[in-house]
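Good morning, colleagues. I would like to take a few minutes to go through one structure with you; please keep the sequence and the coordinates in view as I speak.

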Amino acid sequence: MKSLYFKFAVTTISIMLLSGLISFLLSNYYYQINLKQKNDEKISNFASEVSHYINHHDEIDLTKYLEHIGLLGYQIYIVDEQGETQFFGSAYRDKDLPASIVDKVLNGDTYHGVKHFPHNLFVTGFFANELKNTIGVPFEFEGKDYALFIRPDIKLFFNEMHLLFAFMLALTIALSIVLVLISTKYLIRPISKLNSATKDIANGNFTISLDITRKDEIGDLAASFDDMTKKLAKVEEMRKELISNISHDIQSPLSNMRGYVNLLDASSAEERSHYIEILNTEINRLSSLTKQMLLLSTIESKKEIMEVKEFDLGDQLKKVISQYQWQLSEKGIMVSYSSSNVMIKGDPSLLYTVWENLLTNAIKYNHEYGEIEIAAQEKDSSVLVSMKDTGIGLEPNQVKRIYDRFYRGDHSRTPSVDGTGLGLSIVQSVVEMHSGEISVESVEGKGTVFYVSLPKL
Ligand code: ADP
């Protein structure tokens, strides 16, 4: 597998080379369609001036004159009517020129070799050092006809500068390649870090620190990754805690039961009925624990499939109270209930669980002959249900933990209170599913009030 670094560097360098090639082709095309014509005209004008000058100055030393022009930066080729040739200025690379062209110029025509130089994809006509790529003009000297072919000496023209240009170009290319390699490394480094962090997480190591502080998309990704890691670490911690809680809560009644079952054989009838009663209590506890665990997991998966309908909350609260009437009167607890008929939208069976849990807690953690006040008040856009008891209350540090799964208060003072520590977690989850809020006010030894606020419709 090729690394991202390799791919990125190769892609960028290829883009640079490709853009260089495309710019060359485009500028070549521009030369062909625009500059070639102008270049031809310029050189033609110069050639005509040279020929005009020679035509009118028979007294000059032709060789010296043409050498001089050669020195000025032109490549010159002359042919006289006897076919004698001479070159001035620097040499042509390709000296091939059809005799017919020479004859035509000797006969008075002008040859436009620059304009008609063939179009070539990778050769810029401007630089083609060929005799065909010249302007040919006739002239007469000392009664003899000549053909003169001339083109600017590009090498001479560029001689001073071309080393500098070549150096600049080479330096630009080398520098860009080095910079691309460095910047790519800088760009790719956080991705490599994220990659190895992902592997760490997959191996269960959540204590990674990415140390990426960039303010771009990769920085954002790293921040989200950090967030995700923290959440995963928390979930993992909760999972471990949950498993240890579940195993403890299932294991202890089971070992209790095993102990009493073993005692059954060798015990009197009276003892046996006592043990069976204990066994029954443990069985009930296990059964309600599994039911509540099942309910919690259903709630979690049920978020999308809540069966929402409009129903009368007042009626539902009354039903819950009457269901627990027997337990209330057994403990001698007085219940007062005040509500008008309030319609709300929600999942009736899940909300029933909420009131049921709050009411059973208000009974369980209440004193004998205590009181419970239940009220449902309609607000602008919500309904506020309060459940107040005159029970044992909560210590301030307990209040923070009561919604944690398996959290149970210290019931050393009320050892008979049975529970799983799941009830309020269920209540909180259901209230949140309904976009509602739950809060609690409690005074130790005096009592507790739970407030549940639900959006009306
Ligand atoms: P459980 O009642 O099964 O122990 P819950 O999740 O319903 O579990 O409650 C968690 C803890 O919160 C209880 O163990 C208890 O200590 C405390 N608690 C809940 N409701 C009340 C209340 N009305 N009065 C006093 N303490 C309460």
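**Cores, domains and some individual residues**

The largest nonpolar core comprises 44 residues, and those with the most contacts inside it are Leu313, Trp355, Leu358 and Ile372. At least two residues of this core are supplied by each of α6 (269-302), α7 (313-323), α9 (348-364), β9 (371-378), β10 (382-389), α11 (423-433), β11 (437-443) and β12. The largest share, eight residues, is from α9. Domain 2 (206-301) and domain 3 (304-455) each contribute at least three residues to this core. Please bear in mind that we are looking at a predicted model.

Let me take one of the central residues. Which residues does isoleucine 372 touch, once neighbours within four places in sequence are left aside? Its contacts are Leu328, Ile333, Met334, Val335, Ser336, Leu359, Ala362, Ile363, Asn366, Met387, Lys388 and Asp389. Apart from this core lies another, of 22 residues, including Tyr31, Ile54, Leu66 and Tyr74.

As to the overall division, the domain assignment gives domain 1 (4-159), domain 2 (206-301) and domain 3 (304-455). Between domain 1 and domain 2, the C-alpha centres are 93 Å apart.

In soluble globular proteins, nonpolar side chains tend to be buried together. Here, however, Phe167, Leu171, Leu175, Val178, Leu179 and Ile182 make a nonpolar surface patch of about 590 Å². Valine 178 has its place in helix α4 (residues 154-202). Is this valine 178 buried, partly exposed or exposed? Valine 178 counts as partly exposed because its relative accessibility is 43%, which falls between the limits of 20% and 50%.

Next, two backbone details. Most residues other than glycine have a negative phi. Glutamate 142, although not a glycine, has a positive phi of about 50°. Glutamate 142 sits in the loop between β4 (135-141) and β5 (144-152), and is exposed, with a relative accessible area of 58%. Serine 435 also has a positive phi, near 55°. Serine 435 belongs to the loop between α11 and β11 and is exposed as well, at 62% relative accessible area.

Finally, consider lysine 456, in the segment after β12 (447-455). Lysine 456 is classed as buried because its relative accessible area is 18%, and the cut-off is under 20%. Beyond its neighbours within four places in sequence, lysine 456 contacts Met343, Ile344, Lys345, Glu378, Lys379, Asp380, Ser381, Ser382 and Val383.

Key:
Residues numbered from 1 in each chain as written. Predicted model: local features only at pLDDT ≥ 70, side-chain atom pairs only at ≥ 80, totals over all residues. Heavy atoms only, no water. Helix = DSSP H or I, 4+ residues; strand = E, 2+ residues; numbered from the N terminus. Buried < 20%, exposed > 50% of the residue type's maximum accessible area, 1.4 Å probe, protein only. Contact = heavy atoms within 4.5 Å. Domains from an automatic or database assignment. Core = buried A, V, L, I, M, F, W, Y, C linked by side-chain atoms within 4.5 Å. Patch = residues over 30% accessible without salt bridge, like charges linked within 9 Å, V, L, I, M, F, W, Y side chains within 5 Å. Areas by Shrake-Rupley, 256 points an atom, 1.4 Å probe, with all protein chains shown as cover. Salt bridge = Lys/Arg side-chain N within 4 Å of Asp/Glu carboxyl O.
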